[in-house]
Every structure is written in C-alpha cells, then in structure tokens.
Amino acid sequence: MLMRFLADELNKLQGQNLLRKTRCFDGPQSPYTTIEGKRCLLLSSNNYLGLTEHPEVKEAAKREIDRWGSGAGGARLTTGGYALQETFEKEIATFKKTAAALLFSSGYAANLGIIQALTGNEDLIISDRLNHASIVDGARLSKAKVKVYKHGDTVHLEEILKESSGYRRRLIVTDGVFSMDGDLAPLPRIVDLAKRYNAMLMVDDAHGTGVFGRDGTGSVGHFGLEGKIQIQMGTLSKALGSAGAYVAGSESLINYLKNKARSFIFSTAPTPGAIGAARAALKIIQNNPGLRERLWENVRYLRCGLDRLGYKVPAHESPIIPVFIGDAGKTMVLAKELQNEGVFAPGIRPPTVPRGMSRIRVTVMATHTSADLDCALLAFKRAGKKIGVL
Ligand SMILES: *Cc1c(COP(=O)(O)O)cnc(C)c1O
C-alpha cells in the first residue's frame with residue numbers, strides 16, 4: 001500500500017518536472033562554497049550579513065555549549081527552562097522596543113503557534129497573497145476563516161475589513177519583507193487600517209531583521225513604526241545566522257502565548273549554542289552599522305549591474321533580488337547554466353511563485369567583494385546570451 005502510493009506520487013511529480021531534491025553543500029554559507037563537488041559563488045543564502053562565519057558568533061556558540069550543555073533537555077514549561085533564554089528574550093525585546101519577547105524552536109513553529117493561539121473558528125485572518133507558507137499553515141491550523149488580499153494592496157485589504165465586522169476578532173498578518181520578491185509590506189497604511197477597524201496586526205520580519213531599518217531593527221524600524229505593531233515575529237535563522245525564532249510584544253501577549261501557543265508548549269526551545277550564536281550576532285548588528293552599509297552597497301551594485309545587462313529586476317532595493325525570466329523551463333535552464341559558470345542562484349518556479357513569474361532568486365551578502373559581484377555579473381551575461389534570454 002505505502003510503497004505503491006509513494007511510487008505513484010513520486011512518478012507523478014517527476015512527470016510534471018516538479019520533483020525536488022535536497023542540495024548538499026560541502027562547506028559553509030560563505031561567498032564561495034562547494035556545492036555537489038564544484039566550487040561556486042553563493043548567491044542564494046539568507047546569511048545576509050555573513051554572520052554564520054563570524055568568529056565572535058562561532059565562539060559564542062561554543063562558549064554557551066560549554067556553560068549550558070548541548071541541548072535544553074525539554075520544553076520550557078516542564079524541564080527545559082534556563083537563564084540564557086530569558087536573558088536573550090530581554091535583549092530581543094529591547095532591540096525591538098517592546099516590553100517582552102518569547103523564543104520558539106523555528107520561524108515555522110512560531111507562526112503556527114502564534115496564529116493558532118490568537119484566532120479560532122469565530123475569527124477572521126486577513127493575509128497577504130504572498131505571505132510565507134508558515135503563515136498559511138498557521139491560519140489553517142487555527143480553524144479561523146481566512147481572506148487573502150492582493151499582494152501589498154491596502155485598498156483590497158480595506159474592502160475586506162469593511163465587509164467583515166461580524167467576526168469576534170480579526171487578525172491582519174503580513175511578511176515585513178517578502179521572501180521571493182524582496183519588497184516591503186506597506187506597513188504605515190496597514191497600521192492605520194488595523195487601528196481604524198480595530199483589528200490585531202502581526203508582522204513576520206524574518207527577512208527584515210538585521211537588514212532593514214536604523215540599527216537593523218527590520219521593516220518596522222525602517223518605517224519608524226516602533227510601538228505600533230502589536231505582534232512582531234522574526235527568526236534567528238536568517239541575518240542572525242543561527243536557528244530559532246521569537247515573537248516580541250506586550251507582557252500580556254507573551255504571557256498568553258506561553259500558555260496557549262502549542263508549538264511553544266510542546267517543543268524544545270533553541271539550543272544553548274543556537275542562542276549563543278544569535279545573541280552574539282545581535283550584538284554585532286547593533287554595534288557595527290558598517291556591516292549593513294556594505295550589504296546595501298552590494299545590493300545597489302548587483303541590482304544595477306543586472307539591470308544594465310538587460311535583465312528584468314524590480315525598481316526597489318533589497319538583498320533579495322528576483323531576476324524575472326517568466327517561463328519555468330527557461331528559468332531552470334538559466335539556473336543550470338549559471339551553475340556551470342560557477343554561480344549558484346536557484347531558479348524559483350510554480351507552485352512557489354505564480355505561473356509566468358518564474359525567476360532566479362539572487363541574494364547578496366555583506367561579505368561578497370566587488371570582485372565577487374563582477375564575477376556574478378559576467379556569469380549572468382554569458383549564461384543569458386548562451387540560452388537566449390538576453
Ligand atoms: C524563513 C521564514 C520563516 C521560517 O523560519 P525558519 O526559522 O526557517 O523556520 C517564516 N517566515 C518567513 C517570512 C520566512 O522567510
């Protein structure tokens with residue numbers, strides 16, 4: 001039964017050209033790494049500031065393992081609570097300018113837990129079309145009614161708010177920085193609407209934290225909206241170079257989630273090593289604005305260069321640069337050709353993005369040199385000419 005079912009499903013995926021396989025890197029997430037035996041320039045990592053490789057970050061992880069051990073030993077409401085978690089939660093709250101914060105084992109788990117705890121079958125979740133899959137799954141788990149608004153379209157969002165006054169509670173939820181397009185949510189307008197229509201507001205700043213805003217406080221800081229967003233979620237797994245996630249907000253939000261968020265209650269917190277690394281990364285982000293400046297210089301250089309070559313890139317600046325090709329087949333051929341040229345930047349196709357919107361998703365790091373970026377541009381030029389997209 002099982003074997004038959006699995007073989008059928010896998011064959012079906014293969015037939016649709018949608019069978020995916022995990023990629024095996026044989027090195028760290030640094031500007032150059034080894035992928036499937038070949039040295040490649042890495043243009044795909046969420047390690048925006050290069051902090052997974054920072055000596056202080058690695059040292060801090062080792063130090064906390066020596067102090068606390070390799071694992072937490074249990075979920076925090078039972079046996080796995082330790083002082084390092086609380087210290088770091090206070091630091092996150094200070095960084096995000098909120099009263100309190102709570103750690104989760106991953107961003108995926110955080111979104112499931114937060115959304116499921118805040119909404120139920122009498123409530124409405126209003127979600128941006130391009131929100132991350134973990135938000136979509138959290139909304140499903142909550143049993144709340146879900147309405148999706150067109151990407152970044154606050155007119156559509158307001159229409160939904162106007163028509164939905166009958167629900168017990170309403171939750172607006174959006175990525176701060178969208179993971180496939182790299183653009184920012186129109187947060188100032190969304191904050192106004194949430195207030196006017198008395199809805200709860202949650203922002204997932206997985207890609208914003210450490211990258212956008214004064215002091216790297218994220219999309220919320222970028223728009224100067226500190227104190228105006230009730231539920232701020234973020235991850236330790238991207239610019240912070242570690243693993244795990246957090247939510248920042250009021251004391252009562254955090255106390256409520258400790259009691260009601262099932263992915264907090266029934267799951268072990270990030271390990272001491274992961275917290276140690278993320279804490280050190282957060283300190284570096286706060287004390288070294290130069291690192292973020294280098295990232296943004298690289299963003300401008302590469303975006304401009306791709307534009308000049310004739311590729312279709314968005315007008316906005318972001319470390320996530322989608323290079324639009326359109327056709328899924330051509331996109332995958334270009335990705336392959338780039339890899340032959342020694343550049344790793346993945347092709348993204350449906351169902352991750354809508355049909356006709358396939359693209360190469362390029363991400364830049366602060367640790368890329370301008371010579372690295374010149375290499376990338378040369379590879380894009382040669383590969384694009386060779387397969388006829390330029
Ligand atoms: C990566 C990501 C997550 C999931 O975070 P993990 O720590 O990898 O589980 C959630 N939301 C957004 C917007 C993301 O980009």
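Modeller: The ligand is surrounded by 14 residues. G107, Y108, D204, H207 and K238 are the closest of them. Keep in mind that this is a predicted model.

Biologist: Which polar side-chain atom lies 2.5 Å from a nitrogen atom of the ligand?

Modeller: That one belongs to D204.

Biologist: And which residues sit by oxygen atoms of the ligand?

Modeller: Y108 has a backbone N or O atom 2.9 Å from a ligand oxygen. S237 comes in with a polar side-chain atom, 3.0 Å from an oxygen atom of the ligand.

Biologist: How much of the ligand does the protein bury?

Modeller: The protein buries 84% of the 380 Å² that the ligand exposes when taken alone.

Biologist: Which helix gives the most to the shell?

Modeller: Helix α4, residues 107-118. It contributes 3 residues to the shell around the ligand.

Biologist: What about the shell by class?

Modeller: There are 9 polar residues, 3 charged and 2 nonpolar.

Biologist: Let's zoom out. How many helices and strands does the chain have?

Modeller: The chain has 14 helices and 13 strands.

Biologist: And why call the chain as compact as a globular protein of that length?

Modeller: Its radius of gyration is 21 Å, and the globule rule gives 21 Å for 390 residues, so the chain is as compact as a globular protein of that length. The C-alpha trace spans about 60 × 55 × 55 Å along its principal axes.

Biologist: What share of the residues is buried?

Modeller: 53% of the 390 residues. The accessible surface of the chain is about 17900 Å², and carbon and sulfur atoms hold 51% of that.

Biologist: How about contacts along the sequence?

Modeller: Take contacts between residues at least 6 apart in sequence. Of those, 67% join residues at least 24 apart.

Biologist: Now some single residues. Where does S242 lie?

Modeller: In the loop between β8 (231-235) and β9 (245-249).

Biologist: Is S242 buried or exposed?

Modeller: Buried. S242 has a relative accessible area of 18%, and the cut-off for buried is under 20%.

Biologist: What is it in contact with?

Modeller: Beyond its neighbours within four places in sequence, S242 contacts L236, S237, A274, A277 and A278. S237 is the residue with a polar side-chain atom 3.0 Å from a ligand oxygen.

Biologist: Switching to S142. Where is that one?

Modeller: S142 is in helix α5, residues 133-142. At 6% relative accessibility, S142 is buried.

Biologist: What does the side chain of S142 reach?

Modeller: The backbone nitrogen of A144, at 3.0 Å. Setting aside neighbours within four places in sequence, S142 is also in contact with I115, Q116, T119, G120, N121 and I125.

Biologist: And K143, what is phi there?

Modeller: Phi of K143 is near 70 degrees, a positive value in a residue that is not glycine. K143 is in the loop between α5 and β5 (145-149). K143 is exposed, with 64% relative accessible area.

Biologist: Why does N198 count as exposed?

Modeller: Because its relative accessible area is 70%, and exposed means over 50%.

Biologist: What about K162?

Modeller: K162 lies in helix α6, residues 154-162. K162 is exposed, at 58% relative accessible area.

Biologist: Last thing. Which residues does a cis peptide bond join?

Modeller: P350 and P351, with omega about 10 degrees. P351 is in the loop between β12 (347-348) and β13 (358-363).

Conventions. Residues are numbered from 1 along each chain as its sequence is written. This is a predicted model: local features need pLDDT of at least 70, side-chain atom pairs count only at pLDDT 80 or more; totals for chains, interfaces and linings use all residues. Side-chain values use heavy atoms; hydrogens and water are left out. A residue is near a molecule or strand if one of its heavy atoms lies within 4 Å of it. A polar contact is a pair of N or O atoms within 3.5 Å; within protein, one must be able to donate a hydrogen and the other to accept it, and residues adjacent in sequence count only if both atoms are side-chain atoms. Accessible areas come from the Shrake-Rupley method with a 1.4 Å probe; for residues, only the protein chains shown count as cover. Helices (H or I, at least four residues) and strands (E, at least two) are DSSP runs, numbered from the N terminus. Ala, Val, Leu, Ile, Met, Phe, Trp, Tyr, Cys and Pro count as nonpolar, Asp, Glu, Lys and Arg as charged, and the others, Gly among them, as polar. The radius of gyration is taken over C-alpha atoms; the globule rule is 2.2 Å times the number of residues to the power 0.38. Buried means under 20% relative accessible area, exposed over 50%, partly exposed in between (1.4 Å probe, protein chains only). Contact means heavy atoms within 4.5 Å.
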